[in-house]
Amino acid sequence: MVMEGIPLILKYTLPAEELYKPFWEGLKRGEVLGTKCKHCGTVYFPPQRDCPKCMVSDMEWFNVGKEGVLMTYSIVKQKPQGFEQYEDYTIGIVRTEKGVDLMCWVIGKPRVGAKVSLTSDGNRVLCGVRE
Amino acid sequence: MNRRVGIIGVGMSKFGKRQDVTVRELAWEAVKEAFEDAGLTQKDIQLTVIGSTAYRGTEIYPAPPVSEYCGLVGKSPIRVEAACATGSSAIFTAVNAVASGMVDIALVIGVDKMTEVDTATSLAIGGRGGNYYWEFHMYGTTFPTYYALYATRHMALYGTTEEDMALAAVKAHKYASYNEKAHFRNKITVEDVLKSRVVSWPIKLLDSSPISDGAAAAIIASEEKIRELKIDTPIWIRGMGYGSDTSYIAARGEWVGLKAARDAAYMAYKMSGYTPQDIEYATVHDCFTIAEIMAYEDLGFVEKGKGPSLLREGQTEKDGKVAVNLFGGLKAKGHPLGATGVAMAYEIVKQLREEAGPVQHSFKKYVALSHNVGGTGHYAYVFIYNR
């Protein structure tokens with residue numbers, strides 16, 4: 001009843017490390033960095049090179065904070081292509097002490113409102129539940 | 001809008017895993033029905049707008065083969081995409097073309113053939129339905145994960161339970177059992193939902209809409225054209241609104257409702273002059289059960305956090321205060337992304353014309369609304385209709 005179509009194999013290259021190098025270098029040190037427009041002070045996370053608000057592309061990197069609160073989370077049981085090799089992982093959203101909201105993997109037993117500390121495995125932001 | 005616009009013909013294919021057809025025959029099922037419904041043919045159409053996300057099908061540029069198959073070559077210069085709200089973005093585009101006076105009559109086709117790839121591939125495509133670089137690449141998000149982030153916080157803040165969410169699925173399956181075009185026609189229980197496999201906690205398999213193939217079509221015309229054609233029961237589009245939000249879900253600052261949907265609803269209510277209390281029937285975007293609960297709140301049917309009460313009290317059942325998704329919703333009718341928004345219009349037209357058979361809702365004012373969300377609140381469209 002069905003026949004096989006011709007596969008479409010998509011392989012991608014990204015300007016990952018070069019484009020946001022300080023972010024990746026920060027992750028390797030266990031720090032999470034965003035950008036702030038030197039001209040108008042707008043904070044960007046995910047980091048941006050360009051500030052669309054004031055049209056200026058003059059950014060400084062800043063540390064988004066080390067501590068935060070877990071706002072919400074989900075435990076991924078059915079994994080997508082590229083993540084099949086992982087055990088179940090928990091994706092969370094954390095609000096840092098500096099008011100930056102970001103996505104991370106949650107280590108420990110998650111709870112909405114739990115205090116967390118941001119860390120990294122070098123490839124992504126992690127947060128450890130402190131209580 | 002510069003001039004009044006109405007819907008004069010609708011069609012919908014059978015939804016489901018349609019391995020018996022390619023995207024072209026699938027689209028034709030809906031287009032043929034819409035032509036027959038309106039009593040028109042291709043020569044009457046000035047513009048065709050095709051909504052299709054297409055990425056899961058072999059025809060990744062489906063508009064030309066679809067328009068050729070349907071005899072519409074020369075009348076289909078545009079394909080639009082807005083993720084899961086693609087169908088509504090196509091209607092929005094066509095309505096604007098008619099309202100502006102650019103054309104008098106336009107055909108909208110929403111179609112997607114999503115089951116040509118396997119589930120893992122489909123999940124990986126859906127997982128990119130936010131921000132590839134800062135979400136999927138680093139964290140392995142799936143599409144259910146994004147809505148699960150909303151569900152978890154809704155549960156924590158308002159005491160919403162997994163049982164509450166299951167009620168939305170039970171309702172969807174109950175009504176889909178009457179719809180011969182629905183993907184699923186089996187009834188389910190709360191316990192079935194709770195026992196189903198966890199996909200991305202707290203979302204389980206039976207909280208989720210299926211991966212479906214399907215098509216829907218609608219013919220849109222100006223008031224002058226409708227009078228000229230002597231259409232008996234046009235369904236008027238009285239209000240239209242759109243909204244959008246950040247791609248990166250963490251940047252939204254709130255995970256219990258969709259700002260895009262609230263903005264779209266506000267705009268549509270304002271244009272129409274109707275309020276949430278006037279709406280007697282709604283199709284809402286229940287891609288996951290939590291999405292139906294948030295829709296009740298975002299549309300103003302109930303205050304934030306109280307969505308589950310409408311389900312518990314049965315107020316969104318047939319002949320309830322505001323009937324919702326009596327054709328089975330995305331959850332059970334199926335969710336072929338490009339078709340969904342157009343299938344919502346199909347359902348509204350059938351209901352307002354009182355052609356909905358066993359699931360016919362009883363109207364007093366004949367006012368209805370459709371709510372279609374793209375991505376996880378990245379886009380939203382709300383339309384308000386009357387008869």
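1. Strand E4 of chain A and strand E5 (residues 198-201) of chain B run antiparallel and are joined by two bridges. A:Ile75 is placed opposite B:Trp201 of E5(B). Strands are DSSP runs of E with at least two residues, helices are runs of H or I with at least four, and both are numbered from the N terminus; two strands count as paired if DSSP finds at least two bridges between them.

2. The model is predicted: local features need pLDDT of at least 70, side-chain atom pairs count only at pLDDT 80 or more, and totals for chains, interfaces and linings use all residues. Residues are numbered from 1 along each chain as its sequence is written, while chains are lettered from A and ligands numbered from 1 in the order in which they are written.

3. Across the interface, 28 residues of chain A are in contact with 30 residues of chain B, contact being C-beta atoms, placed from the backbone, within 7 Å. On the chain A side, E4 (67-76), E5 (89-96) and E6 (101-107) each supply at least two residues. The largest share, six residues, comes from E4(A). This side of chain A has 17 nonpolar, seven polar and four charged residues. In this classing Ala, Val, Leu, Ile, Met, Phe, Trp, Tyr, Cys and Pro are nonpolar, Asp, Glu, Lys and Arg are charged, and the others, Gly among them, are polar.

4. Within chain A, E4(A) also runs antiparallel to E7 (residues 115-120), with three bridges; A:Glu67 stands opposite A:Ser117. E7(A) is in turn joined by five bridges to E8 (residues 125-129), again antiparallel, and A:Leu118 has A:Cys127 as its bridge partner in E8(A). The hairpin of E7(A) and E8(A) has four residues between the strands, and A:Gly122 there takes a positive phi near 95°.

5. A separate point is the open sheet of three strands in chain A, ordered E2-E1-E3 with antiparallel pairing. E2 (43-44) and E3 (59-63) are the edge strands with a single partner strand each, so one side of each lacks a neighbour in the sheet. E1 (residues 33-37) pairs with E3(A) over five bridges, and A:Lys36 has A:Glu60 as its bridge partner.

6. Which residues of H2(A) are buried? They are A:Phe23, A:Gly26 and A:Leu27, where buried means 20 or more other C-beta atoms within 10 Å of the residue's own, exposed 12 or fewer, and partly exposed in between, with C-beta atoms placed from the backbone. Seen down the axis of H2(A), the buried residues fall within an arc of 100° (taken from the directions from the axis to the C-beta atoms), so they line one face of the helix. Their cover includes E1 and E7 of chain A. A:Lys21, A:Lys28 and A:Arg29, on the other side of H2(A), are exposed. A:Gly30 follows H2(A) and has a positive phi near 85°.

7. A:Val32 lies in the loop between H2 (21-29) and E1 of chain A. A:Val32 is buried, with 27 other C-beta atoms within 10 Å. Beyond its neighbours within four places in sequence, A:Val32 is in contact with A:Gly26, A:Asn63, A:Val64, A:Leu102, A:Leu118 and A:Val125.

Note on methods. Two residues are in contact if their C-beta atoms, placed from the backbone, lie within 7 Å.
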